[in-house]
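Here is a short report on selected side-chain and helix features. Look over the sequence and the structure first.

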Amino acid sequence: MNTKRWSVDKYVDDQSSYPQISQAADFLKRNEVVAFPTETVYGLGGNAENDEAVMKIFKAKGRPSDNPLIIHIAEEEQLNAFVEEIPEKAAQLMKNFWPGPLTLILKKREGSLSNLATPGLSTVAVRMPNHPVALAIIKASGLPIAAPSANRSGRPSPTTAEHVWEDLNGKIAGVVDGGPTGVGVESTVVDCTAPTPVVLRPGGVTKEQLEAVIGEVSVDPALVDKSEAPKSPGMKYRHYAPDAPLTLVNGTKEFIQELVDKKKAEGLTVGILTTEENVDFYRADYVIACGKRENLESVASSLYDALRKFNNTNADVLFSEMFPQEGVGHAIMNRLMKAAGHRVINS
């Protein structure tokens, strides 16, 4: 397949005036799949009402078919076509965080979407992205757009069009290059079908921010105890992983360096994922920084890019520092735990 690539300046006010936007939307209307930027990561979009389009998403990503997709909209009115009801707390969250990095789980209106997009579920995950390119494409298509991250399943999510190109060139119809994304980790997912909303995935909107708007919010036990069965099928698969095995280290810089030295003594090539504050401390074959520890938002923004950079090295093993589980730190550690397959060494 010849993958088309368009470039769009996200800072131009009237995105609809771009012929690239219209061309990408036409591809979606023809049930092709197109990657485009959101404020979190690049998404791989397809017509959520059409089985053929949804199947193309799964095929391009190599994604398990029981892993439901998030539906992206440009206007709240679109919800009426495929959502049964909007609980009061969900409405409050929409008012405060849409458009933005927040996905809500709502009761699905039967027969409104491709069953492949919500396999075996009576609910649907939906969000309104806070990115002018994404909103313009969705609006121009006139469709609800199913859009998981635009990467091969299991690999670090894409935060630039180049990441998408590395993974999916020749596998999808097109890529809209709108520059690097901002938040860097995927949206927070909140189940709003219960009286007390439940965070199923931490992301760009923190639990503290949610509770400031709607009061008590619980957290899926599977996020803190891997022996618990996750409520969402998509949470049971390994994600975000670089090619070399990654291990998280709960310890001092000195302890991490000892681990590095041991591996190097075994003849292995070692990489370290750290932050700008510590990048000059480590003596490893590859030391890559992802933002500043004092600014966890910067860590989130550059995390996936840093993990992908290791794939351009010949590292045999990777170690990563751990981060405070507060604010967006919950999302950072959730992604790193999945990337490491829950491998942790404690000092």
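In which helix does Asp167 lie? Asp167 belongs to helix H5, which covers residues 161-168. The model is a predicted one.

**Asp167**

Asp167 has a relative accessible area of 7%. The cut-off for buried is under 20%, so Asp167 counts as buried. Leaving out residues up to four places away in sequence, Asp167 touches Asn151, Arg152, Arg155 and Arg308.

**Helix H7**

Helix H7 runs over residues 253-265 and has 13 residues. From first C-alpha to last, H7 reaches 18 Å. That is close to the 18 Å expected at 1.5 Å a residue.

Which residues of H7 are buried? They are Phe255, Ile256, Gln257, Leu259 and Val260. After H7 comes Gly267. The phi of Gly267 is positive, near 85°.

**Aromatic pairs**

A pair of aromatic rings is described by two values, the distance of the centres and the angle of the planes. The count for this model comes to 3 aromatic pairs. Two of them are described here, starting with Tyr240 and Tyr304. Their ring centres are 5.4 Å apart and their planes stand at 20°. Planes under 30 degrees apart count as stacked, so this pair is stacked.

What does the Tyr240 and Tyr304 pair tie together? Tyr240 lies in the loop between strand S11 (218-219) and S12. Tyr304 lies in helix H8 (residues 296-309). The pair therefore ties together parts that are 64 residues apart in sequence. Both Tyr240 and Tyr304 are buried.

Phe281 and Tyr282 make another pair, with centres 5.3 Å apart and planes at 85°. Planes over 60 degrees apart count as edge-to-face, so that label applies to Phe281 and Tyr282. Phe281 is partly exposed, at 28% relative accessibility. Tyr282 is buried, with a relative accessible area of 7%.

**Charges over rings**

Where does the charged end of Arg5 sit? It sits over the ring of Trp165. Lys253 lies over the face of Phe281. The table gives the distances to the ring centres.

| Charged residue | Ring | Distance to ring centre |
|---|---|---|
| Arg5 | Trp165 | 5.2 Å |
| Lys253 | Phe281 | 5.2 Å |

Methods
Residues numbered from 1 in each chain as written. Predicted model: local features only at pLDDT ≥ 70, side-chain atom pairs only at ≥ 80, totals over all residues. Heavy atoms only, no water. Helix = DSSP H or I, 4+ residues; strand = E, 2+ residues; numbered from the N terminus. Buried < 20%, exposed > 50% of the residue type's maximum accessible area, 1.4 Å probe, protein only. Contact = heavy atoms within 4.5 Å. Expected span 1.5 Å × (residues − 1). Phe/Tyr/Trp six-rings, centres within 6.5 Å; stacked < 30°, edge-to-face > 60°. Lys NZ or Arg CZ within 6 Å of the ring centre and 35° of its normal.
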